[in-house]
Amino acid sequence: MTAQPHDFVLGETPLPEKNLRAIRAALVIPQDREAFDAGLKAVLDEVRVSLDLSALNTFVHRWWISACDSVRDPEGRRQMHNRAEQVLAGGSVQRASRGARFSPLAEEDSHEKFQQ
């Protein structure tokens, strides 16, 4: 038997289950929990009217991805929210260095260099 990429790795934090209670519990950043709660209320209102669960399934999947990110890198989530608040306040955002984690801004820079 060979190890697969999705197999549990000893020492790695397990991902949350894909249900509303587990997802909300995994959201450690207050901004994420507030957005989750507001979004859940809105999607449940939509489902009540439409009787179509696809919106709820989409909501659960989207927030499960965010919950997984929160479990793996809570500090990265905090930094993301801080940068977003800076941008919304009209401030500038520092670009990531070459050795840093993925940054859409860094990717845009490299893409522009290849276009020239």
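Which residues of the largest nonpolar core touch the most other members? In this predicted model, the two residues are I23 and F36, within a core of 13 residues. The helices α1 (20–26), α2 (30–50) and α3 (54–72) each supply at least two residues of this core. The greatest contribution comes from α3, which gives six residues.

**Contacts of F36**

- Leaving aside residues up to four places away in sequence, F36 touches L20, I23, R24, L27, F59 and W63.

**Helix α3**

- Helix α3 consists of 19 residues.
- From its first C-alpha to its last, α3 reaches 27 Å, close to the 27 Å expected at 1.5 Å a residue.
- The buried residues of α3 are A55, L56, F59, V60, W63, S66, A67, C68 and S70.
- In an α-helix there are 3.6 residues a turn, so residues three or four places apart point the same way.
- The cover over the buried residues of α3 includes α1, α2 and α4 (74–88).
- Among the buried residues of α3 are F59 and W63, both of which are touched by F36.

**The loop between α2 and α3**

- Residue L51 is found in the loop between α2 and α3.
- The phi of L51 is near 60 degrees, a positive value in a residue other than glycine.
- Most residues other than glycine have a negative phi.
- L51 counts as exposed because its relative accessibility is 71%, and the cut-off for exposed is over 50%.

Conventions:
Residues numbered from 1 in each chain as written. Predicted model: local features only at pLDDT ≥ 70, side-chain atom pairs only at ≥ 80, totals over all residues. Heavy atoms only, no water. Core = buried A, V, L, I, M, F, W, Y, C linked by side-chain atoms within 4.5 Å. Buried < 20%, exposed > 50% of the residue type's maximum accessible area, 1.4 Å probe, protein only. Helix = DSSP H or I, 4+ residues; strand = E, 2+ residues; numbered from the N terminus. Contact = heavy atoms within 4.5 Å. Expected span 1.5 Å × (residues − 1).
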